[in-house]
Amino acid sequence: MKSKLILIIIFLFLGFDDPYKSARERMVNLQIKARGVKNEFVLKAMSKVPRHLFVPKSHIDEAYDDGPVPIGYGQTISQPFIVAYMTEVIDPEKCKKVLEIGTGSGYQAAILAEIVDSVFTIEIITELYKEAKERLEKLGYKNIKVKNADGYYGWREHALFDAIVVTAAAEFVPPPLIEQLKDGGKMVIPVGSPFYTQNLVLIEKKEGKIYSKNLIPVRFVPFIRGK
Amino acid sequence: MKIKNISHQIILFLLSVTVISNQISLIQYFAYQQWYNFASVVISFALFGFGVSGLIIPKLRKEIAEELNRVIQKILIACGFFIPLSILIEKYLIGAFDSYLVFFDVKETIKFFFVVFNYTIPFCLLATLIGLILTSFAEQIGTLYFLNLVGSGIGGILFVYLLWFIEPQKIYLLNGFIIVFLSFVLQLFNHQARKVTLLVVNLILVILNFSFLFISIENEPSQFKTLSRVKNFPDAEVVFNQPSPYGRVEIISSTLLRYSPGLSLNFVGEIPQGEAIFINAESAGFKITNPIQSNFNFLKKSTLALPFVLKQPQKILILNSSGGVEINRAIVNNAKSIYVTEKNPILSKIISSQFEENKSNEIKVINEDPRIFVEKSNSNFDLIFHPVIEPVGYSSGLYSAQEKFLFTQEAFQKIYDDLDENGYFSISCYIDNPLKTFLKLLNTLKEIKKADKTKISRNQILAINNWNVITIILKKGVFNLDEIERAENFASENQFDILVHPFKRSEIKFNSVIDSQTLDLIENVVSNKESKHDDYIFNVTQSTDDKPYFSNFIIPSKLKIYLDQISLRNLTYLEVGYFLIWLAFFVALVFSAILIFLAFYSIKLKSKNRRFIILIYFSSIGISFMFIELSLIQKFTLIFSSDVFAISFIISLLLISSGIGSFLSHKIFPSEKRSLFVFPIIGFVLITFLISSNYIVSLLIDLDGLRKYFVSGLFIFPLGFFIGMPFPFGIRKFCQDDENAIPFAWAINGSFSVLGSVGSILLLVNCGFNFTILLAAMLYLFLGFFIFLKDYLVKS
């Protein structure tokens, strides 16, 4: 305990005000870049946002691990790679306004806010909403608006959106969300359970028609041809 | 008045009642908390307790000789203390483990170990008491073993009935009360044990245990179970809550709840709000709150509406009510006669009352398991409809050890037979990735035999998908051009894709959610190409009544391939449920190994050779008894349409019949030589049962109510009767002239039964019912041969 304290003091003294910086760099290099995320904006945002401030104190040691972290209420903060990948697939650098359904800890919103002009995020669980709102305010994110409401209706006052990020698996896509997506806009939805995200589905609106596409984030080959 | 033999018999009987009811209540308790009932693990707790008791008894020999009654009294008090304590420890100290996280978070794995250990302590004490009485009155072993098993049998039947009224955790606590109350009454009549301190402690425990019956001790489901997640909604309200042996039924109302699987992405309009129905905290259906004011157009814009688009079905059978929303779909599509099967009696009433005022359609809600209904049905339907089956991806394979007799090759054959000429069978599933559920459904459908005994052909299958749901239709007959045109128009209008076209390879236009290699595989399956699954690393072949584990896709020999592709922190594609059984087996292995080591280390026998013989004999009968018990539970889950009914009926009846068998064993086979016949008899009975099992199942399925239980009893009884004999036979043959031999045998039998219990689940999932029963038969035959050979060698 003592030695840890001394180390922290030395770091502070030498000007290393963020003891998690190297953990974050490792996370970006080994978990995100290595798996094929190339978008510079995304990588920069992932390197900057202090993920450890978004996880419960009891799980702070796991903040930069290669996996999701439970945040209570049956919810998780997604695996870093999934957050990066979901951000990359919506081409964030081309987006001005992004809607997020399921704020959770607020981490995904913070990553988006580093790249796009404004992020609108909706959380249904009141406790999570309050915590995330306070956290994002403390971190100085002025371009994030948080609302405690049913994500089904989207956020009509601010529609249309360039992209919509749905962070929780859904059985169906609420029609209001499709309506609030710009033509040419993209929506990304995870499919699977919170701890075992199996794939992501990208929904695109092109000239009034809706197309869906499966994105397999971690390439798992179900065939063993040639063996 | 001293505790005489008759009192010991009463104590033994009541203890046996509580041992079994503790098991049943814990099975239900875990079924609510987790995704699986952990029956084999709970049975292991009990068996491990029996094993440990074998170690404790020799240590208590001195005290027993001096004052048996006081030892009994003290252990009874300890039981009354540890039963409520184990619930409190789990609830407030260790916390419930979460099977969802067991492979993700090491803390959960440790919790799993502790929970197993925690619930094993009361079983150890109960078993020690039973063992004490059995060994102290070894000359009455037949009568006592009989009372032990009959008590267990009666306990099973009685306490399942109580599950209609009382929560399982309360039943567990009730057992604690029964034990301390029994202890208190006995102490009052027992001069020797009537010490003031003991009496006061006992009285305090009686009061404490009694008050626990009135204190609310909630069983919380995992935070990841659907019920917990829905309860987190701000306006969520429990509007209905009732316990039952089928699981606790709960209805949650919230303005946030909507249900529309397979919905078109271009649908514009309202999706009505409703109430979600849960059984054991898992989603069991959806009920629209205001059906009169609701617009049901959304039900027409789903992949699930496809069978109604192809033609106007008049007579529909809906398998699984799914809360009533699929009845609404049939009504909105102008179906005249709608038959709905719902196995849960509470749910069945709820659904019936929803449609009471509907006079324009003929709606019959039948309280029957869908599989049993199709087996018994003589009528034909235009459409047999199954709603979307469980969201497999969401459950992460946690259902892999759950029997699903509605999705087997035999069930699909019966459904096909129940279709009218040109009728449809429609079933939907979520798209998992890599694709597994759909492929398994497709393979099972392809195994159906037509009237001319040929297999289903490609031109009888049609499937469409949106971004996350596939609906498959099997037609009893060949699709015609009009139907194809309707399907194509419906797909194009709603931006669905035709995944399986009856006449040509599919073309994906809107939803590129399945990769090209898997599309090739689908094409191979529908066009009957050989070696279609050789390259696929999941088991997507049809499930059968022999191995009804529809949600298990793991091929054990390909484990290395799965692990090579996945890092431990991200078990993305692993089926957690399957590996959870292995983890349970590992825990059982550790516990058994400790027990066997302690038995060898601490119990000294007169002869070393005898130790080896007892090990071979009692381990074999322990393992094979569990193989039979767990296999029968699997088979009777189909017959009784409920795991809890099957578990309690089989455990109870096997114990009663084997109790009677053990009681009469030395009367039927008075000489040692004749006793050897019991082994080939058991082998013969088991193999006969195996050969005729299909006939027995179809006979029993056709029966109703008590007749089903009675006739089932007639089939099980002879089996239990004979498998009860080897235990007292072994005690008489190997243990009578050595006072330490009985506890040693008891410990060995208990520890191998622990392994046999979880091991049989692994065998059933991987090798099936027939193999497991055959293995049990072989073990008994081997034992007969072993004893014969040993006796022959000794003589010669």
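This is a predicted model: local features need pLDDT of at least 70, side-chain atom pairs count only at pLDDT 80 or more; totals for chains, interfaces and linings use all residues.
This report walks through some features of chains A and B.

**Chain A at a glance**

Let's begin with the overall figures. Chain A holds seven helices and nine strands. Of its 227 residues, 51% are buried. Among contacts in chain A with a separation of 6 or more, 53% join residues 24 or more positions apart.

**A sheet in chain B**

Chain B contains an open sheet of eight strands with mixed pairing, in the order 7-6-5-8-9-11-10-12. Its edges are strand 7 (362-366) and strand 12 (497-500) of chain B, each of which pairs on one side only. On average, and with direction ignored, neighbouring strands of this sheet are turned by 20° against each other.

At one end of that order, strand 6 (residues 337-341) and strand 7 of chain B run parallel and are joined by five bridges. Within the pair, B:I338 is found opposite B:I363 of strand 7 of chain B. Helix 10 (residues 325-332) of chain B packs on the sheet, where it touches strand 5 (315-319), strand 6, strand 7 and strand 8 (381-388) of chain B. The direction of helix 10 makes about 165° with that of strand 5 of chain B.

**Two helices packed together**

Packed helices are described by the angle between their axes and the distance between the axes. For helix 20 (residues 608-640) and helix 26 (residues 726-735) of chain B, the angle is about 175° and the axes are 11 Å apart. Because angles over 145 degrees count as roughly antiparallel, helix 20 of chain B is roughly antiparallel to helix 26 of chain B. Here is who makes the contact:

| Helix of chain B | Contact residues |
|---|---|
| Helix 20 | B:R610, B:I613, B:I614, B:Y617, B:F618, B:I621 |
| Helix 26 | B:P726, B:F727, B:G730, B:F734 |

**A closer look at B:D482**

Finally, a single residue. B:D482 belongs to helix 16 (residues 481-494) of chain B. Is B:D482 buried or exposed? B:D482 has 10 C-beta neighbours inside 10 Å, and therefore counts as exposed, since the cut-off for that class is 12 or fewer.

Notes. Residues are numbered from 1 along each chain as its sequence is written. Chains are lettered from A and ligands numbered from 1 in the order in which they are written. Axes are lines fitted to C-alpha atoms, for helices over the stretch in contact, and angles run from 0 to 180 degrees between N-to-C directions. Helices (H or I, at least four residues) and strands (E, at least two) are DSSP runs, numbered from the N terminus. Angles under 35 degrees count as roughly parallel, over 145 as roughly antiparallel, 65 to 115 as roughly perpendicular and the rest as oblique. Two residues are in contact if their C-beta atoms, placed from the backbone, lie within 7 Å. A residue is buried if 20 or more other C-beta atoms lie within 10 Å of its own, exposed if 12 or fewer, and partly exposed in between; C-beta atoms are placed from the backbone. Two strands pair if DSSP finds at least two bridges between them.
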